[in-house]
There are 2 protein chains.
Amino acid sequence: MADNKKMVEQITSMDTDFAQWYTDIVKKAELVDYSGVKGCMVIRPYGYAIWENIQKIMDAEFKRLGHENVYMPMFIPESLLMKEADHVAGFAPECAIVTIGGQNQLSERLIVRPTSETLFCEHYKNIIHSYRDLPKLYNQWCNVVRWEKTTRPFLRTSEFLWQEGHTMHETAEEAREETLRMLGVYAEFYEKTLAIPVIRGRKTEKEKFAGAEETYTVEPMMHNGFALQGGTSHYFGDGFAKAFGIQFAGRDNTIQYPHQTSWGVSTRMIGAIIMAHGDDNGLVLPPAIAPIQVAVIPVQQHKEGVLEKTREIADRLAKKFRIKLDDSDQSNGWKFSQYEMKGVPLRLEMGPRDIENNSCVLVSRVTREKKFVSLDNIEAEVEAALAQVHNELYERAAENLKNRTSVASTYEEFLDIAEHKSGFIKAMWCGDVECEDKIKNDTNGVKSRCIPFNEEHLSDVCVCCGKPAKHMVVWGRQY
Amino acid sequence: MADNKKMVEQITSMDTDFAQWYTDIVKKAELVDYSGVKGCMVIRPYGYAIWENIQKIMDAEFKRLGHENVYMPMFIPESLLMKEADHVAGFAPECAIVTIGGQNQLSERLIVRPTSETLFCEHYKNIIHSYRDLPKLYNQWCNVVRWEKTTRPFLRTSEFLWQEGHTMHETAEEAREETLRMLGVYAEFYEKTLAIPVIRGRKTEKEKFAGAEETYTVEPMMHNGFALQGGTSHYFGDGFAKAFGIQFAGRDNTIQYPHQTSWGVSTRMIGAIIMAHGDDNGLVLPPAIAPIQVAVIPVQQHKEGVLEKTREIADRLAKKFRIKLDDSDQSNGWKFSQYEMKGVPLRLEMGPRDIENNSCVLVSRVTREKKFVSLDNIEAEVEAALAQVHNELYERAAENLKNRTSVASTYEEFLDIAEHKSGFIKAMWCGDVECEDKIKNDTNGVKSRCIPFNEEHLSDVCVCCGKPAKHMVVWGRQY
């Protein structure tokens, strides 16, 4: 137990210093290492395995919906990035630029892709000629670079990994449907796979993607009440198509511009998992993406038969779950806190007396509740226990979201909440960017997260300026 | 049939112009599109699906052998790349360099990774302290950049996709074992998955990887007799460990340097598939990695019951194989040549008479042989037919390798073969780089491919200088 205590003490408590708690977890759960390149991280095996599990589930869903994976170049000639005015204005400040290739100064500078709309458009121009060529439903998994001043592993790094879907459609209606369909995929993924409830909504003009007509977002809440942009889906109309000269012969033989979407989620999702579910004992992983779903610990493993029986059970379970049997010489206490730190959703303990009773103990990472179960149906027991962990996580996060969401009817109230309470604030808004700017300024950083799909009518006037309200907005501080 | 003829005529014949034939295939089978960035390619869905199939099989094998995936930054600070002298000398000429980030001149230039030994070493220095931390068996799938003057899709592009394994071991012996084990994985993958026979061997000093002590290679032969470096595995000794100061406390409590390997294969593999198996009708894909394994074509599909029955069979097969049912309004001839062009290993045709007979026709893409088979055991029939296609491909490629491999005993003979015959040349070599240089010079490009594991004793003297021979070398021209 001495070891156990030592392990736990190594993490700063969330309430003491949330930022340090986060840093402690990413380091001590061996998710990342810092690298010599400012703002870039090494994703270690345990962190990368989470990303692989995310990719696998998401990629299957993209493909089920008819999307195909492609790979575009990582470099964008500067002139190509500049073809769409809003887009370049949005991204120019954060570009990494290659100026030398093969020991020669390049005649045209190359931007390391911050996102790939322009490359997809250049390609789509080559391959879209007729309505028969539509829709194009492409996606790519890749690295992108956005030069950041202040960085934090997973949440904000100069290089990150993501997927970017880029689709082209015959009609605006079809493209809008796709935009919302993919937002729905993200929302479902957060809720059903990551056990993180999200608010679905539309970004304001100020917060939308550079070059998009509409940006939709899913916004999960972190444990400390901060927001995080969980994933976005953009409707572009035919703006890029016009800028890039992408045209097709329609069903009526007229020449038309296709309508476009793009949508993406990144390794930031791992940051969301850490901050939505983690606690003072470390990481807590949703079972669906946990690299280890069950840590199997033989208790008194040197007693006759214990290790053999534990291994037999671990082998049985390994056919269906991701299992780690730890038969090292570390103490039980060390093992318990080690797998807690690493966020393994379920611990299975098995000692001589359990074996005598043909049973074992399952311990939930979330509630630490212990359950004695029979070995006869151990697969079903583990499956049920993992499902329960998922539900416990979801309920806990939903409770947090509920508890940390306030309503502000007056500006005084708004400022008071912003100063004294963490979390989201629901308040009415006139639709003017000036009020967004004023709020951000007056609160030292509270921004509009989104206009949620399920808007409520809180009052008739903007919480900030008192003019007639157009929308209810969810406001919050973000990572 | 008019359509069919038209399709086929679009490809340049291999014998007329092999390079143009290759270009025609990558474009017309829709594997790639050219991009506005010189030397970079767009990998289209059909091409990328091949890469995904390669990744899936290979990644499973890496993991089965205990390797874990990680992700390193894509940028290498110039000072880091320069830590190992041979390494930087090898890569400096082909680097793409980022000099601007976030609108500021960077204080240190960043190299876009051409390979990641230096990054792995920097990380390993942080995490390897004791023999208990070894071995480290890491791999990553990523993009890399090597600035190329002359480029060709898949074969030589400035950016390409690959995997790079980087491992650290307690002893030299263990690291050497790993080096050869992974070479074996590559060789088996070429032969058993891609149906391409390879020569396994060691690179000469001149041809080895920058910074390695030993480089091993698998060398497949292309249809026209050219060689292609199919995959390499390097033993580094402790050179990088010393340059980077990576040390660990050994079992005997002495401080030691670990021993290192790296190994990689890239999207060039797709170029090997095209050039080893393709023919004048287009691409020919080995069944294990073909995005479509069976093209199902209903014949006289408007006759009652044909489409229904064909769909029923396609659905049955789709549970086990990658199937494309083409019920479009294109002619049969168009469909046949379309799927030939795309290299689909097996075609299944089914018309009214076949259905009456409870049978269908299977056609091999390699031999075009037709086989009437019963629908009762269609899954087993298709499985056997795909296995046969694999074998046909392997046999054809092995035959080509055999036919295009010559033995040269004298230098005159060597020069004569190099000038008049395509393919590999087996000849004895003294071990001096001067002879390699002279041969390359005198033949306009014939280089040592490798010292094969199964060396033959052809004579006692070097084919070039007449001094005592140390090794038999396989020589050839390369892509």
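Trainee: What pLDDT does chain A average in this predicted model, and how many residues score at least 70?

Mentor: Chain A averages a pLDDT of 95. The share scoring at least 70 is 98% of the residues. The scale of this predictor confidence runs from 0 to 100.

Trainee: What makes residues 1-8 of chain A a stretch to treat with care?

Mentor: Over residues 1-8 of chain A the pLDDT is below 50. Where pLDDT is low, predicted coordinates should not be read in detail. The stretch does have 14 contacts in the model beyond near neighbours in sequence.

Trainee: Which scores does the predictor give the complex?

Mentor: An ipTM of 0.95 and a pTM of 0.96.

Trainee: What makes β5(A) and β5(B) a strand pair?

Mentor: Pairing takes at least two bridges. Five bridges join β5(A) to β5(B), residues 96-101 of chain B. The two strands run antiparallel.

Trainee: How many residues of each chain are in contact across the interface?

Mentor: 42 residues of chain A contact 42 residues of chain B. Elements giving two or more residues to the chain A side include α3 (45-64), β6 (104-112), α6 (117-127) and β8 (159-169) of chain A. The largest share, six residues, comes from β5(A). By class, that side has 25 nonpolar, 10 polar and seven charged residues.

Trainee: How do you know which surface the copies meet through?

Mentor: Of the interface residues of chain A, 98% are also interface residues in chain B. The copies therefore meet through the same surface.

Trainee: Now the sheets of chain B. What makes β3 and β20 of chain B edge strands?

Mentor: Start with the order: β3-β7-β8-β14-β11-β10-β9-β22-β23-β21-β20 (chain B). These 11 strands form an open sheet with mixed pairing. β3 (68-69) and β20 (405-407) of chain B each have a single partner strand, so one side of each is left without a neighbour in the sheet.

Trainee: Why is β11 of chain B called mostly covered?

Mentor: A residue is buried if 20 or more other C-beta atoms lie within 10 Å of its own. In β11(B), residues 231-237, six of the seven residues are buried. β11(B) also pairs antiparallel with β14(B) over five bridges. There, Thr232(B) is partnered by Gly264(B). Five bridges join β10 (214-220) of chain B to β11(B), again antiparallel. One of the bridge pairs is Tyr216(B) with Ser233(B).

Trainee: What makes Val463(B) count as buried?

Mentor: The threshold is 20 C-beta neighbours. Val463(B) has 28 inside 10 Å, so Val463(B) counts as buried. Val463(B) lies in the loop between β22 (447-452) and β23 (471-476) of chain B. Beyond four places in sequence, the residues Val463(B) touches include Tyr411(B), Phe414(B), Met428(B) and Trp429(B).

Trainee: What makes β16 and β19 edge strands in the five-strand sheet of chain B?

Mentor: The order is β16-β15-β17-β18-β19 (chain B), an open sheet with mixed pairing. β16 (323-325) and β19 (370-374) of chain B each have a single partner strand, so each has one side without a neighbour in the sheet. The twist averages 25° from one strand to the next.

Trainee: Which strands of that sheet does α13 of chain B touch?

Mentor: Helix α13 (378-403) of chain B touches β15 (294-298), β17, β18 and β19 of chain B. The direction of α13 makes about 15° with that of β18(B). β17 (346-350) and β18 (359-364) of chain B pair antiparallel over four bridges. Glu349(B) stands opposite Val361(B) in β18(B).

Key
Residues numbered from 1 in each chain as written. Chains lettered and ligands numbered in written order. Predicted model: local features only at pLDDT ≥ 70, side-chain atom pairs only at ≥ 80, totals over all residues. Contact = placed C-beta atoms within 7 Å. Nonpolar A, V, L, I, M, F, W, Y, C, P; charged D, E, K, R; others polar. Axes fitted to C-alpha atoms, helices over the stretch in contact; angles between N-to-C directions. Buried ≥ 20, exposed ≤ 12 C-beta atoms within 10 Å, placed from the backbone.
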